[in-house]
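Visitor: I would like to learn how to read this structure, one feature at a time. Where do we begin?

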Amino acid sequence: MKYVEFPEDNAAKSGGEGKGKSDQQNAPQGSGAQGKGPSGNWFWTILWTILFLFLLNGLFFPAVKGSKVVETDYGQFVKDVNDSLVREVVIKDSKVFYNKGTEANDTTYFTGEVNDPELVNRLVAAGSPNPDGKIKFVKKIEQKNSPILDFILWWILPALIFYLIYVFMMRKIASRGGAGGGLGNFMSLGQSGAKVYAEDDIKTRFSDVAGQDEAKESLKEMVDFLHNPKKYTALGAKLPKGALLVGPPGTGKTLIARAVAGEAGVPFFSMSGSEFVQMFVGMGAAKVRDLFEQANKKAPCIIFIDEIDAIGKSREGSLSTNDEREQTLNQLLTEMDGFDANKGVVILAATNRPDSLDKALLRPGRFDRRIQMELPDLEGRKAILKVHLKNVKHEDIDLDVVARATAGSSGADIANIVNEAALRAVREGKKAVTTDDLEESVETVMAGEQRKNAVISPEEKKIIAYHEIGHAMVAAVQNNSAPVHKITIIPRTSGALGYTMQVDEGEKYLYSKEYLTNRLATLTGGRVAEEVICGTCTTGASNDIEQATKMARAMVMTYGMSERFGMMALQTRGNSYLGGEGQLACSDEIEAQVDEEVRSMIADAKEKAKQIITSHIGKMHEAANYLLEKETITGEEFMNILNR
Ligand code: ADP
Ligand code: MG
Ligand code: ZN
């Protein structure tokens with residue numbers, strides 16, 4: 001006979017299952033956790049105990065399970081009883097469970113128990129589909145938990161759960177940044193958790209770093225020291241404990257530090273300054289301690305702290321005191337004093353904000369050697385191109401052209417340009433990278449992708465063409481200006497609708513006043529062409545205006561190139577590597593006069609540009625029409641038109 005599954009059977013079954021499962025799982029967990037150490041084992045045991053207790057709990061408080069349990073109302077129940085439909089009734093936990101109809105209907109109905117004194121009489125009197133015509137009914141005896149179990153369930157268990165969560169979080173924190181004296185130890189739960197790994201087999205070599213010869217020269221000495229310290233100690237020479245790599249972003253500071261480790265063949269501990277600054281006070285300092293401890297064990301080796309300004313920021317003058325950073329810095333200073341340089345631990349650090357570093361870091365005995373990494377010059381850029389081109393298939397590349405076009409780029413920019421060129425070559429189905437790809441990718445990196453399907457009306461195209469030709473004309477006619485390299489009116493994703501590329505003949509270290517004045521005129525050339533030829537002025541000149549103003553201001557305030565102020569410094573220098581603005585160092589009246597001076601310089605430049613354009617108006621039309629037709633023309637083509 002098949003009986004309907006009543007809720008208590010369900011619960012007993014699931015409870016039993018759960019118990020079996022927890023037993024099963026416990027065995028492999030216990031053995032599997034051996035690798036995790038004793039505390040791991042312990043953790044899982046408790047977890048499974050809790051799970052087991054929960055399931056045990058389920059035995060006493062069964063949940064109504066199964067899809068075939070349906071709630072009805074008491075009226076329906078009474079009606080079913082009166083209609084002699086009910087086979088069996090179970091009253092439990094203030095609920096009335098029953099099933100009705102033939103045995104094929106195995107749905108269990110339930111409703112709340114109502115204070116109904118007549119119920120028993122009615123059940124006895126009613127008929128039923130059962131063979132004997134009677135309803136089976138039963139009220140389950142309520143099972144009370146033992147007081148001990150209650151105590152465990154309501155007091156011990158929640159406490160345990162919270163404790164476990166706490167422990168678990170502490171371990172997470174400890175493993176992220178803890179160290180010797182960190183919270184991990186306080187909880188006496190396992191190791192310090194500091195994750196300072198030394199890289200052992202670094203493949204980077206000095207040959208991977210192009211240019212930067214002075215920096216390499218200086219670092220070679222350190223490599224030599226790491227190779228045979230005796231040569232130095234015999235003579236009584238001490239090597240600098242630390243060297244600070246200073247330079248703009250992307251000039252290869254990180255790269256060259258790795259190269260030092262690679263050349264010396266020693267372990268390389270690398271960490272970024274920001275990794276020391278943790279959520280909890282004391283963790284950063286503990287990490288520094290741990291780092292030096294491990295480095296001492298592995299000596300000779302190299303410790304590299306990248307972006308050291310994150311912790312080494314000057315302590316004075318900062319309004320908000322960051323205790324954590326300060327402690328970390330103090331710990332670093334102490335460790336640097338404490339270790340013996342002759343053991344062969346070399347500390348390298350990199351930053352692009354040397355001016356913000358704490359003086360204590362820079363004093364002799366700490367980072368006493370300063371290695372300058374500058375933006376590469378023409379030869380440097382060629383060398384970097386060569387290094388990166390080694391990794392891509394390429395045809396004969398005119399390095400000179402590409403290197404010229406990338407004036408002011410860092411090593412990282414050039415690496416990016418080479419990669420873009422390779423991607424472009426793949427896109428176009430070429431077998432190898434060509435000079436064209438590289439030139440195009442220079443533009444992509446500087447101005448964004450070409451927007452081939454941008455729709456620009458013919459009138460607008462005409463204005464853009466005259467604007468660009470205006471720049472080119474003013475640049476070409478003033479012979480001191482760099483010749484035009486390329487003019488294009490293909491819009492770019494950066495928002496540029498067209499541009500004129502000027503490329504210097506050689507590398508320039510000094511800019512004369514004449515050069516800058518000419519450049520100022522060139523910058524105004526676009527707007528002048530709009531005004532003179534199209535009789536209008538457009539928003540397209542906004543970038544020109546910005547650049548011209550910046551340049552004129554710098555000429556007046558920083559380079560002392562104005563008659564009115566002469567060599568008076570009107571602003572302090574900002575961060576030279578990150579292009580920061582300087583701060584004004586003059587009175588309000590002078591500032592107003594500076595504005596006036598800048599205005600008149602730009603007005604003069606514009607007047608000069610106007611003269612050039614009006615006197616070459618025929619050539620302007622000719623060149624603009626040619627540009628409209630071709631969309632992109634080279635400097636040579638432009639000069640051909642000009643000199644025709
Ligand atoms: P940073 O000075 O900001 O630390 P990186 O060392 O991280 O710069 O340089 C980023 C990438 O730029 C390097 O991985 C490398 O590919 C490239 N790079 C930068 N400078 C050079 C260089 N002098 N020679 C070759 N590649 C360079
Ligand atoms: Mg770096
Ligand atoms: Zn312009």
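Guide: We begin with the ligand. The shell around ligand 1 holds seven nonpolar, seven polar and two charged residues. Here Ala, Val, Leu, Ile, Met, Phe, Trp, Tyr, Cys and Pro count as nonpolar, Asp, Glu, Lys and Arg as charged, and the others, Gly among them, as polar.

Visitor: What should I know about the model and its numbering?

Guide: This is a predicted model: local features need pLDDT of at least 70, side-chain atom pairs count only at pLDDT 80 or more, and totals for chains, interfaces and linings use all residues. Residues are numbered from 1 along each chain as its sequence is written, chains are lettered from A and ligands numbered from 1 in the order in which they are written, and side-chain values use heavy atoms, with hydrogens and water left out.

Visitor: Which of the 16 residues around ligand 1 come nearest?

Guide: A residue is near a molecule if one of its heavy atoms lies within 4 Å of it. For ligand 1, Ala-210, Gly-250, Lys-253, Thr-254 and His-388 come nearest. Three helices, α9 (253-264), α15 (378-389) and α17 (411-427), each supply at least two residues of the shell. Helices (H or I, at least four residues) and strands (E, at least two) are DSSP runs, numbered from the N terminus.

Visitor: Which backbone atoms lie by an oxygen atom of ligand 1?

Guide: Look for polar contacts. A polar contact is a pair of N or O atoms within 3.5 Å; within protein, one must be able to donate a hydrogen and the other to accept it, and residues adjacent in sequence count only if both atoms are side-chain atoms. A backbone N or O atom of Gly-250 lies 2.8 Å from a ligand oxygen. For Thr-251 the distance is 3.3 Å, and for Gly-252 it is 3.1 Å. The protein covers 80% of the 550 Å² of accessible area that ligand 1 has on its own. Such areas come from the Shrake-Rupley method with a 1.4 Å probe; for residues, only the protein chains shown count as cover.

Visitor: How many helices and strands does the chain have?

Guide: The chain has 24 helices and 14 strands. Of its 644 residues, 44% are buried. Buried means under 20% relative accessible area, exposed over 50%, and partly exposed in between (1.4 Å probe, protein chains only).

Visitor: Which residues touch the most other members of the largest nonpolar core?

Guide: A nonpolar core is a set of buried Ala, Val, Leu, Ile, Met, Phe, Trp, Tyr and Cys residues joined through side-chain atoms within 4.5 Å. The largest has 48 residues; Ile-469, Ile-487, Val-556, Leu-570, Val-594, Met-620 and Phe-638 touch the most other members. Elements giving two or more residues to this core include α19 (458-477), β12 (484-488) and α23 (617-630). A second, separate core of 28 residues includes Phe-206, Leu-348, Ala-350 and Met-373.

Visitor: What does Leu-628 touch, beyond residues up to four places away in sequence?

Guide: Contact means heavy atoms within 4.5 Å. Leu-628 touches Lys-461, Lys-462, Ala-465 and Ile-489. Leu-628 sits in helix α23. Leu-628 counts as partly exposed because its relative accessible area is 26%.

Visitor: Is Ser-562 buried or exposed?

Guide: Ser-562 is buried, because its relative accessible area is 5%. Ser-562 lies in the loop between α21 and α22. Its side chain reaches the backbone nitrogen of Phe-565 at 3.5 Å. Gln-571 is found in the loop between α21 and α22 as well. The side chain of Gln-571 makes a polar contact with that of Thr-558 (3.0 Å). The C-alpha atoms of Gln-571 and Leu-584, 13 residues apart along the chain, are separated by 4.3 Å.

Visitor: And backbone angles? Which value does phi of Gln-212 take?

Guide: Most residues other than glycine have a negative phi. Phi of Gln-212 is positive, near 50 degrees. Gln-212 lies in the loop between β6 (198-199) and α7 (213-227), and is buried at 14% relative accessible area. Glu-307 has a positive phi too, of about 45 degrees. Glu-307 belongs to the loop between β9 (301-306) and α12 (309-312), and is partly exposed at 35%.
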